[in-house]
Amino acid sequence: MGLLTEALLLPFAPARGSVWVIRQVIAEAERQYYDPATVRAELALLERRLEEGEITEEEFDREEDALLDRLEVGMGRTSGTGDGTA
């Protein structure tokens with residue numbers, strides 16, 4: 001951007017900075033949410049809850065499906081495709 005453009009956009013700098021921060025926070029939250037290690041740990045915890053009788057088979061199946069979907073997306077993100085396909 002040119003100097004004139006920067007000068008004209010200067011009053012909006014705090015808003016642009018806030019948008020950047022929000023984008024960074026969202027990106028980090030998504031990284032943690034889809035992290036395969038995190039999802040695998042949650043799957044192990046889910047299995048333990050089933051074995052201890054804290055949840056029913058139906059609850060286990062429903063939550064396991066959601067976690068496996070997250071794992072698939074996470075594996076696609078780490079392999080570089082970004083579209084959730086491995």
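How many salt bridges does a search of the whole structure find? Six, where a salt bridge is a side-chain nitrogen of Lys or Arg within 4 Å of a carboxyl oxygen of Asp or Glu.

Quick housekeeping, everyone. This is a predicted model, so local features need pLDDT of at least 70 and side-chain atom pairs count only at pLDDT 80 or more, while totals for chains, interfaces and linings use all residues. Residues are numbered from 1 along each chain as its sequence is written, and side-chain values use heavy atoms, with hydrogens and water left out.

Okay, let's look at R49. E54 forms a salt bridge with R49, with the closest N and O atoms 3.5 Å apart. R49 also meets E63 in a salt bridge, at 3.8 Å from N to O. Through shared partners, R49, E54 and E63 join into one network.

How much do these residues show? R49 is partly exposed at 25% relative accessibility, and E63 is partly exposed at 31%. Partly exposed lies between buried, under 20% relative accessible area, and exposed, over 50% (1.4 Å probe, protein chains only).

Another salt bridge pairs R48 with E52, their closest N and O atoms 3.3 Å apart. R48 counts as partly exposed at 41%, and E52 does too, at 48%.
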